[in-house]
Amino acid sequence: MKNKNTDASITWNHPHFWWDSFLLLIIWLAVFFLPDHIFNVPVATILKVVALVASLEMISFLAYQFINNQRGLYLQGFLGGFASSTTVFVQITQDQRFSKLSVNTLTSILLFATLAMLIETFIIGLGLDAGHKILYMIAFQMVVTATFIYRLWREHESSNAVDVHFYIDHPIIWKRVLKLAIFILTLIGVMKLITTYAPISEPIAVLLTSLFEAHAVFAAILLKDHQSNIYFLYILVSLGSVLSKLFLVWRSKIPGLVRQIILPLAISIVGITIIAFV
């Protein structure tokens with residue numbers, strides 16, 4: 001029996017598809033055209049987070065329509081990672097739907113998001129002339145992440161594990177989007193309060209701000225003069241990104257997920273540290 005999930009006509013005729021698409025477009029237009037602050041409220045940041053989370057929901061819906069369920073999840077992780085790998089981690093670890101998937105599949109999705117983030121970081125480093133050693137460090141992280149994705153894929157293919165398939169009834173579940181967006185905005189707010197009002201050094205500020213905005217912090221490091229070693233600062237950017245991801249995975253309470261995800265992330269940090277100081 002054909003799963004209605006795979007019928008492409010369902011997408012275009014879905015009662016909520018065009019409404020959700022239109023609303024998502026309006027939010028993205030607001031992100032680009034509204035001022036950053038209105039009455040001291042960071043409207044652009046709030047709308048950007050909502051738009052990112054909603055876009056991941058839409059990617060999920062479209063991926064399930066046109067690609068088989070598991071590959072659709074991988075595509076969701078990879079494409080979402082270019083926008084915000086941390087947002088993907090929030091969605092995958094905090095949404096109860098995904099807790100029913102196998103640990104290998106969950107780890108692969110999260111590593112795909114991480115790989116996309118690293119590809120984007122490499123492009124930023126290349127464009128802003130970060131130097132050969134920084135690019136080697138990022139390339140090492142990419143190779144480690146891709147290797148673990150391949151290993152998990154081979155293990156999944158060789159086993160008879162069957163993942164849970166779930167039907168997405170609505171393209172974007174706005175209640176879930178708002179819940180995840182509030183969680184992310186709370187994390188951002190706490191980090192900004194710490195970095196704004198606490199007397200901290202540049203390395204500590206880099207580490208804390210990298211907990212969510214690793215891309216922006218890395219670009220800022222390359223564009224400004226700084227007192228600390230640039231290789232050391234990149235290690236802190238990577239460490240901040242890793243710590244936030246591990247926190248989200250730990251908070252999910254999904255059995256075995258922390259053990260699966262921590263090894264590639266730890267190897268990446270150790271590896272780039274060795275490269276930096278050799």
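**Loops, helices and core**

Tutor: Lys253 sits in the loop between H10 and helix H11 (257-277), where helices are DSSP runs of H or I with at least four residues, numbered from the N terminus. This is a predicted model, in which local features need pLDDT of at least 70 and side-chain atom pairs count only at pLDDT 80 or more, while totals for chains, interfaces and linings use all residues. Residues are numbered from 1 along each chain as its sequence is written, and side-chain values use heavy atoms, with hydrogens and water left out.

Student: Is Lys253 called buried or exposed, and why?

Tutor: Buried means under 20% relative accessible area, exposed over 50%, and partly exposed in between, with a 1.4 Å probe and protein chains only. Lys253 has a relative accessible area of 57%, so Lys253 is exposed.

Student: What makes the phi of Lys253 worth noting?

Tutor: Most residues other than glycine have a negative phi. The phi of Lys253, a residue other than glycine, is positive, near 60 degrees.

Student: Where is Asp129, and why is it given its accessibility class?

Tutor: Asp129 lies in the loop between H5 and helix H6 (132-158), and its phi, near 55 degrees, is likewise positive in a residue other than glycine. Its relative accessibility is 67%, and Asp129 therefore counts as exposed.

Student: Why is H5 described as largely enclosed?

Tutor: Of the 25 residues of H5, 18 are buried, so the helix is largely enclosed by the rest of the structure. H5 (residues 103-127) reaches 36 Å from its first C-alpha to its last, close to the 36 Å expected, that expectation being 1.5 Å times one less than the number of residues.

Student: Why are H9 and H10 called roughly antiparallel?

Tutor: The axes of H9 (residues 214-223) and H10 (residues 230-252) come within 10 Å and cross at roughly 170 degrees. These axes are lines fitted to C-alpha atoms over the stretch in contact, with angles from 0 to 180 degrees between N-to-C directions. Angles over 145 degrees count as roughly antiparallel (under 35 roughly parallel, 65 to 115 roughly perpendicular, the rest oblique), and H9 and H10 are therefore roughly antiparallel to each other. Their contact (heavy atoms within 4.5 Å) includes Phe218 of H9 and Tyr234 of H10.

Student: Which residues touch the most other members of the largest nonpolar core?

Tutor: Such a core is a set of buried Ala, Val, Leu, Ile, Met, Phe, Trp, Tyr and Cys residues joined through side-chain atoms within 4.5 Å. Of its 69 residues, Phe218 and Tyr234 touch the most other members, and H5 gives the most to this core, with 10 residues.

Key:
Helices (H or I, at least four residues) and strands (E, at least two) are DSSP runs, numbered from the N terminus.
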